[in-house]
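Hi everyone, thanks for making time for this. I'd like to walk you through one structure, so let's get it up on the screen.

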Amino acid sequence: MEYPEVIPTEFEIEEKASGKRQKQKVPLQHGHSQLDWMRLQKQPAVATAGTTTTASVATKHKFRSNAPITIEELKQHSTPEDAWTVYKGRVYDITPYFTYHPGGDAQLARAAGKDCTRMFEFRHGWVNFEAMMEKLCIGYIEQPK
Ligand code: HEM
């Protein structure tokens, strides 16, 4: 099975190489800044995207928090309402982060159901993924044999 990976488009590669790339931050709802996100990770009861909270992710996946996850299963979680992504081999349920992503929900949706490692480093290699998503880690991806 083909490994599902988000890769930058040719346009994005050229734009970056030209040094003319514009930042594309989008306006977020009040209370949904990066600082708010980090604060909520310390009190996980309230980080919400719709009805999915960091706490509900933790509860839902507790029984399998370090489980092997297959590519088939990863691919089934490919919408903003139910979004899993892979970063450096580990799987994260990023659903609660959608309304907090500074680049907007449409950009983050590209990661859903796929491995976002390469795209993440391309777009913002200076961001500490593990620190931000620690509570949302649900397992690791099983490499195809
Ligand atoms: C396919 C995956 C992703 C894409 C395409 C994407 C895209 C973007 C874009 C367009 C921005 C706006 C700033 C810019 O234009 O560079 C941004 C900012 C940001 N994203 Fe993402 N993102 C992705 C995944 C993630 C994930 C999973 C996280 C969580 C750790 C994340 C965290 C951030 C943060 C913290 C910023 C603010 C960066 C800053 O201000 O320096 N992104 N992203």
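Two bits of housekeeping. Residues are numbered from 1 along each chain, as its sequence is written. And this is a predicted model, where local features need pLDDT of at least 70, side-chain atom pairs count only at pLDDT 80 or more, and totals for chains, interfaces and linings use all residues.

Back to Glu130. Is Glu130 buried or exposed? We call a residue buried if 20 or more other C-beta atoms lie within 10 Å of its own, exposed if 12 or fewer, and partly exposed in between, with the C-beta atoms placed from the backbone. Glu130 counts as exposed because it has 11 C-beta neighbours inside 10 Å. Now find Tyr87: it sits 43 residues from Glu130 in sequence, but the two C-alpha atoms are 8.7 Å apart in space.

Okay, the overall picture. The protein has seven helices and eight strands. Of its 145 residues, 26% are buried. For contacts, the rule is that two C-beta atoms, placed from the backbone, lie within 7 Å. Taking the contacts with a separation of 6 or more, 74% are between residues 24 or more positions apart.

Helix α1, residues 10–18, is hardly covered: of its nine residues, the number buried is zero.

Why do we say β5 is largely enclosed by the rest of the structure? Because five of its six residues are buried.

So who are β5's partners? Two strands pair, by our rule, if DSSP finds at least two bridges between them. Strand β4, residues 78–79, runs antiparallel to β5, with two bridges joining them. Thr79 has Asp82 in β5 as its bridge partner, and a hairpin links β4 to β5 through two residues.

On to β6, which is also antiparallel to β5, this time with four bridges. Look for Trp84 opposite Asp93 in β6, and Tyr87 opposite Arg90 in β6. Then there's β7, residues 114–115, which pairs with β5 in the parallel sense over two bridges. There, Val86 stands opposite Asp115. And β6 has another partner: it pairs with β8, antiparallel, over three bridges, where Tyr92 has Cys137 as its bridge partner.

Zoom in on the turn between β5 and β6. These two strands make a hairpin with two residues between them. Lys88 lies in that loop, and its phi is positive, about 45°, although it is not a glycine. As background, most residues other than glycine have a negative phi. Lys88 is partly exposed, because 13 other C-beta atoms lie within 10 Å.

Next, the inside. A nonpolar core here is a set of buried Ala, Val, Leu, Ile, Met, Phe, Trp, Tyr and Cys residues joined through C-beta atoms within 7 Å. The largest one has 24 residues, and Val86, Tyr92 and Ala111 are among those with the most contacts inside it. In general, nonpolar side chains in soluble globular proteins tend to be buried together.

Ala111 is worth a click. Apart from its neighbours within four places in sequence, Ala111 touches Val6, Thr85, Ile94, Cys116 and Met119, in the sense of being in contact.

Ala111 also turns up around the ligand, as one of the closest of the 22 residues surrounding it. Being near means that the C-beta atom, placed from the backbone, lies within 6 Å. Helices α5, α6 and α7 each supply at least two residues of that shell, and α6 has the largest share, with four.

Last stop, the record. UniProt has an unreviewed entry that places "domain: Cytochrome b5 heme-binding" at residues 66–142. Bear in mind that such annotations may be inferred rather than shown by experiment. In our model, that span is 30% helix and 29% strand, and its end C-alpha atoms lie 12 Å apart.
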